[in-house]
Amino acid sequence: MPITTLASLRTHLQWALELEHSTIPPYLCALYSIPDGSNVAVSALIRSVVMEEMLHMVLAANLLNAVGGKPDVSHRKFVPSYPAYLPHSDKAFQVNLLPFSTQAVDTFLKIERPMKPRARPRGSKYHTIGQFYAAVLEGVELLERRARKRGKTIFTGKRRHQIAGEQWYYGGGGAPIMVVDLDSARKAIHEIMEQGEGLDHTIFDGDNQFGQVDELAHYFRFYEIRKGRRYLPTDAPHHLPHGAELPVDWSARYPMTPNPKVRDFRKQPGIHRLMVEFNQRYTALLQALHTAFNGKPAALRDAVPLMYELKYRAQALMTIPTGRADGSTAGPSFELVPVSAAARGSRPSAQRRRAATRRRN
Amino acid sequence: MTLTGFDAAELWGTGQVQTYYALLPSIIGDAIFGRLMSRWQDTWIRGEGDEPFLETLVKEQILEDPTLGPVARNLTYLWYTGGWNQLPADWRNEHGASANDQTYIVSSTAYTEGLVWKAIHAHPTAAKQPGYGSWALPPDTGTGR
Amino acid sequence: MSAPGRHYDAIVIGSGPIGAHVAQGLAAEKKSVLLLEAGRATGLTYEGYRSYVTNYHVQVAKDTNSPYPYNASAPSPREIDLTSITPGTPDLNGYQVEFGPQTFASTYLRALGGTSLHWLGTVPRFLPNDFRIKTKYGVGVDWPFEYHELEEWYGKAEWSIGVAANVADQKEVGIPFPKGYEYPMERIPPSYSDQVIQKATQGLTVKLAGRRYPVRVSSLPQARNSIPRAGYTPVGAVGAPDMGLRCEGNSACIPICPVQAKYSSLKTVAALPKEYVTLLSQAVVTKLNIAANGRISGVEWLRYETEGGATTPGTATGTIVVLAGHAIENAKLLLASGAANSSDQVGRNLMDHPFSSSWALAPRSMGVFRGPLQTSGIESLRDGAFRSEFAAFRVDLSNVGWDIVPNAFPPYGQVMDQLGQNIVGKKLRRYLSDTVPRQVRIGYDLEQLPEPQNRVTISNEFRDAIGCFRPVIHYSLSDYTWQAMVESIKVSGAVYDRMGIPKSDQYFCTTFTGLPDERNFRAKDGKDYLLSFVGAGHHIGTHRMGVSRTDSVVNRDQRSWDHENLYVVGCGSFPTTGTANPTLTALAVTLRSVKDMLAQLR
């Protein structure tokens, strides 16, 4: 169904946040399962995609803020329980938390699948992410056109809620676009679509703001990994990559158990505690993002150390044997924990520190 | 755990368990390694569940043992730093000096997984960096479990 | 002698920040440049640079040159080679031959990128009075120009290497800026321990030579990537431009920034236009050839394939020759060539910022071993009337606890001590958790005066594996600097008292003995102090600039008085040390000199 009301647009943009976020844990599991120093080119490719997905979350938040919405990235259902369908998809496939593997990359290809020209969604269930954003773009255009006829605009959000370039940084992935009008909204939506699936008839994402060579769109980056071969600049989207070999070692990864859950490790208190601690940090990260997206962009700086810490914690979990016959290791489960527990997992306040000191004495 | 102050999951989480398990006998020989392991097992069985008693046993049975003590201290040092220190001259004279008994850092990952960094709530220098601006935030101060 | 080599507009010797910028400045005007580097070009690929990082990880001693493999064909000094000097007997242990009486305990690096591979990246400007201490305080010598002549070039240097700082902080230190000037990036956030010390020292003053001075903590300008201001794009790692776009707090600026957020001249070299610049690494220059008319006609070098292995000679001629090989190596090469020394000042007036430290244990965690090695300093004691009596100092606050103390960086010594007492397990973990994060270290970059007997020389007796001269060093500190070391104890004590640190947890440069450099000194108060210091790695003064050919090696454009087409550039040109880390000033002075070089080539 086309988006015809502001309420529906806001709902869709909230969905966009959920959608962008839902791809991050699976990508991170694949990325973190590659030990430092092996599959170097592969991990650089996956890493670059993750950076851009995080940027997309920021862009979605900027869009939602621009049209007067309130991004919510910390509600109880914000994180899917893996295995999960992509939120608001047509449930064509499920996404799992897996270590780096052909199976994982095949799912990534499905996630980033390019939209067929002129394909239309059915109801509010979308077949591809591109389709979803095409609907959002149409909605934005339509609603703004209507508003202008009445001498108004849908871009009524506070400018100070926008995340600006200097506030967002996580190791590359481009700079966010501040959304204040139709033009910047179009740019933001295009950025998401192009990085994800490529421009209409090319494998590149049209993004060369750092004066670098064009980057491949996500789909094609994953396809390079799957085929173990680089694309040539002259390759067309329906081609196989024809460039140099891309070395891929499918066995160089920690054998993380698929879709780990905290509850599965109740009888292994050591692992259990580390998994809970991971989830506490993860919840704290989403809370920092929530604060940043809701009027305090500077809170993004607090999110940065948490992102780094999560990596080291995930990698530690992935080296701990589960003791199961399959030789698997533990892993991060990306489950939200109740707010108070997350606060306990974050840095102690001065008061709590004092209390802790008293206890020790 | 009793030597390092970190639990089994944390030790496995460094990815170094197998490396160190193979390294130790290659330096001190299978015989002394076997003695250390069996002494360790006995101590553990006797002291399990009573932490202060176990700590006393470890001290008396292992750390104060002229053969096992230096090895146990070195093993703890290895876990904390990723580096092996050449055993004391007395020990080497008594038990023979293995060519593998050199002062060195076992590997780049052994260095970065050194427990000392976790103990001091920091990260190994030149690895596992905490991210832009993290140093401006109040530090974590827990004292371990 | 090999066949005569190619002719270039300019031959630049050395690929550190200064040499790289000369090459860049000349190439920008379409001049052909031969850039010669004695060391390896390992850092020019991302993988090569990463190999330095893993090498650092596995080194037992993590000193300033530890990531960089020893190169017998182009050796560099290392701290671990230093020993105390017995009077009359030179210390031959390392690359430098040290006659003392004090050990010259500073190092540099011969590799592509030079010492900027291991430098800290702290880049304060000199203060206006640093250029005229003779006129103002009656000591040392004046520079051949004043601060305002350099102002524009400081700005260019800061934008070229990418400096993170706030103008307001630096104005407070006493540095003037042109209206509207902005540093290219926001200041690096001050560390938690900086904030604690800043809060504790609010309103604190100390009395120096009868006058009170504020003890004020301020942010340090740093050549590492932070949040860019309008018009600046941070430069990432060489070969991996997405990496290193922000400082990520690796706590290892010295000896290596693993993500390359810290500036190194690898970034400048990698961007040199290949159509104008020919880069030749593993080429150790052995001689400048002097023509009958007094001009430098060209240079001779030895090229090696394997470290310590056979060499092949090579030569080239240049319309101008720019010697940018580091203060020590520049002096060595001039002496070996019999060049530029009509003043007898080549190699003389060797200076450093002798660095003395104090240590303490704060009552609470300072959050150490996080962030860049330094983010703030006490900059308010860099100038004052006391400079007529003793040295000024720039005070730096460590973010990594008790470095300088042997075995405290990394903090392995503490592990060893506890194990020695059979303390293991939870007790060991708790001990480390409770003590190491409380470590504080305050260090002093002390000013040193130019003295002719402090010098680099060469001798046929002392040569390296390929037959080049090793630096022979005579070095001592005068009372001017020793006295300042005594004064520094007062400053540290006042800061520690304000932090609520009991006297029993305060340690000064008089506490730790056994460093190569220590001396009993009778201070102005009549008391004796056993003082110790280490080097700061700020080699200054071996080919100083001046206004007359009788008492200086180069003129205000860093051009040799004796050879009109020879430039000798870098920190060696400084007449005095000031208290600021010298690289930024060397770069500003040299960017200014490039104008004169281009005029010659027109």
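Mentor: In chain A, residues 24 or more positions apart account for 66% of the contacts with a separation of 6 or more. Please remember that this is a predicted model, where local features need pLDDT of at least 70, side-chain atom pairs count only at pLDDT 80 or more, and totals for chains, interfaces and linings use all residues. Residues are numbered from 1 along each chain as its sequence is written, while chains are lettered from A and ligands numbered from 1 in the order in which they are written.

Trainee: What does the predictor say about its confidence in chain C?

Mentor: Look at pLDDT, the predictor's confidence in each residue, from 0 to 100. Chain C has a mean pLDDT of 95, and 98% of its residues reach 70 or more. For the complex, the predictor gives an ipTM of 0.96 and a pTM of 0.93.

Trainee: What makes a stretch of chain A a helix or a strand, and how many are there?

Mentor: Both are DSSP runs, numbered from the N terminus: helices are H or I with at least four residues, and strands are E with at least two. By that rule chain A has 10 helices and two strands, in the order α-α-β-β-α-α-α-α-α-α-α-α. Chain B has eight helices and two strands, running α-α-α-α-α-β-α-β-α-α from the N terminus on. In chain C you will find 12 helices and 20 strands.

Trainee: What share of each chain counts as buried?

Mentor: The figure is 61% of the 602 residues of chain C, 47% of the 361 residues of chain A and 44% of the 145 residues of chain B.

Trainee: What makes a group of residues a nonpolar core, and how many residues has the largest one?

Mentor: A nonpolar core is a set of buried Ala, Val, Leu, Ile, Met, Phe, Trp, Tyr and Cys residues joined through C-beta atoms within 7 Å. The largest has 303 residues, and among those with the most contacts inside it are A:Leu63 and C:Val33. Helix H2 (residues 40-66) of chain A gives the largest share of this core, 15 residues. In soluble globular proteins, nonpolar side chains tend to be buried together.

Trainee: How do you know that strand S2 (residues 33-36) of chain C and S7(C) pair?

Mentor: Two strands pair if DSSP finds at least two bridges between them. S2(C) and S7(C) have four bridges, in the parallel sense, and C:Val33 stands opposite C:Val277 in S7(C). Strands S4 (residues 205-208) and S5 (residues 211-214) of chain C are also joined by four bridges, but run antiparallel. In their hairpin, with two residues between the strands, C:Ala209 takes a positive phi near 50°.

Trainee: Where do chains B and C meet, and how many residues take part?

Mentor: 42 residues of chain B are in contact with 45 residues of chain C. Among the elements of chain B giving two or more residues to that side are helix H4 (51-63) and helix H5 (68-81). The largest share, five residues, comes from H5(B).

Trainee: What is the make-up of that side of chain B by class?

Mentor: Ala, Val, Leu, Ile, Met, Phe, Trp, Tyr, Cys and Pro count as nonpolar, Asp, Glu, Lys and Arg as charged, and the others, Gly among them, as polar. On that sorting, the side of chain B that touches chain C has 20 nonpolar, 19 polar and three charged residues.

Definitions and conventions: Two residues are in contact if their C-beta atoms, placed from the backbone, lie within 7 Å. A residue is buried if 20 or more other C-beta atoms lie within 10 Å of its own, exposed if 12 or fewer, and partly exposed in between; C-beta atoms are placed from the backbone.
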